[in-house]
Amino acid sequence: MTEPHATRALRLGTRRSKLAMAQSGQVAEAVSQVTGRPVELVEITTYGDVSRAHLAQIGGTGVFVTALRDALVRGEVDFAVHSLKDLPTAQPEELVLAAVPVREDPRDVIVARDALKFTDLPRGARIGTGSPRRMAQLNAYARGHGLDIETVPIRGNVDTRIGYVRDGELDAVVLAAAGLNRIGRSDEVTDFLSVDTVLPAPGQGALAIECAADNAELIAALAELDDPFTRAAVTAERSLLAALEAGCSAPVGALADLLADGQIVKEMRLRGVVGTTDGTHTVQLSTTGPVPDTHDGAVALGRALATEMLTQGAAGLMGERAH
């Protein structure tokens, strides 16, 4: 006898990393509350988890996502949770982004030895990051403020990265605030990088909950977890990324934030940056307009800023991206 549909556990596809399991666990609880059904985590290994190459070399875009999407299409899981910044900008027709929950802190942070702030690091400080975007902006900031730093390419999970600092191999590493918050390790942060110093990756701090496009019942249930402001912001950021024709390993930062007058949200500001990883050349622009109330409106905001950036020479700064 098959169990009744209403009580069958929903299968949530997730990567196996500690961070992925933590954020998927949080989503599982929320989904269980809105559906009244148990949710079980189905661990899936992705190419990005097993390859030891640097993300920029293996293509960046989609390396953490493809295996999860394949499992969705094959019906092995009912829905999947991704870090939105890992999601390619093209959406497959058979899948739908059912919910983008309220965003966590989008900022990058430093975990440095001796509890140092970024600007207090010694001359020649070695800072580890696997992200060309972070390298470009940290180097550009250092150049502009007379700091002497060396960015060192690294990868690995949170423990591995922080381990480089603990072991004395590096003076500091850069991580996403959201990830450390989700695994309960925000107390290890020694400095929060202002978005005026380093713009985050498009979609950073936000999660994407994806399911099959033909599962209307599940789409409707998951929609209750959607935050329209977060969705509008990340849609604008990802539209900028797509219009620059850059993958998620390209040196592009973007952040859309809401400008409020008291309690009333008035406008959305979108900022974008692209730069060479050595920090010698950057193009950074922003635009402000009414908060988009449609998907197309948010896309248009991102495209318009990308077009401006391209006229300022942004395309020539992305030559180091993976092909």
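Okay, let's start with two helices: the axes of α9 (residues 228-243) and α10 (residues 295-311) come within 7 Å and cross at roughly 40°. Before I go on, this is a predicted model, where local features need pLDDT of at least 70, side-chain atom pairs count only at pLDDT 80 or more, and totals for chains, interfaces and linings use all residues. Residues are numbered from 1 along each chain as its sequence is written, and side-chain values use heavy atoms, with hydrogens and water left out.

Back to that helix pair. Axes here are lines fitted to C-alpha atoms, for helices over the stretch in contact, with angles from 0 to 180 degrees between N-to-C directions. Angles under 35 degrees count as roughly parallel, over 145 as roughly antiparallel, 65 to 115 as roughly perpendicular and the rest as oblique, so α9 and α10 are oblique to each other. In contact terms (heavy atoms within 4.5 Å), the α9 side includes Ala-232, Ser-239 and Leu-240, and the α10 side includes Val-299, Gly-302 and Met-309.

Now, zooming out. The chain has ten helices and 13 strands; these are DSSP runs, H or I of at least four residues for helices and E of at least two for strands, numbered from the N terminus. Buried residues, meaning those under 20% relative accessible area with a 1.4 Å probe and protein chains only, make up 52% of the 323 residues. Among contacts between residues at least 6 apart in sequence, 72% join residues at least 24 apart.

Next, the sheet. What is the order of its five strands? This open sheet runs β7-β6-β8-β5-β9, with mixed pairing, where two strands pair if DSSP finds at least two bridges between them. The edges are β7 (149-152) and β9 (191-192), each pairing on one side only. Further in, β6 (residues 125-128) and β8 (residues 172-176) run parallel and are joined by two bridges, and Ile-127 stands opposite Ala-172 in β8. Helix α6 (residues 158-166) packs on this sheet, touching β5 and β8, and its direction makes about 155° with that of β8. Then there's α5 (residues 132-144), lying across β5 (108-112), β6, β7 and β8, at about 175° to β7.

Is Arg-134 buried or exposed? With a relative accessibility of 6%, Arg-134 counts as buried. Leaving aside residues up to four places away in sequence, Arg-134 touches Lys-85, Asp-108, Thr-129, Arg-161, Val-174, Leu-175, Ala-176 and Gln-204.

Notes. Buried means under 20% relative accessible area, exposed over 50%, partly exposed in between (1.4 Å probe, protein chains only).
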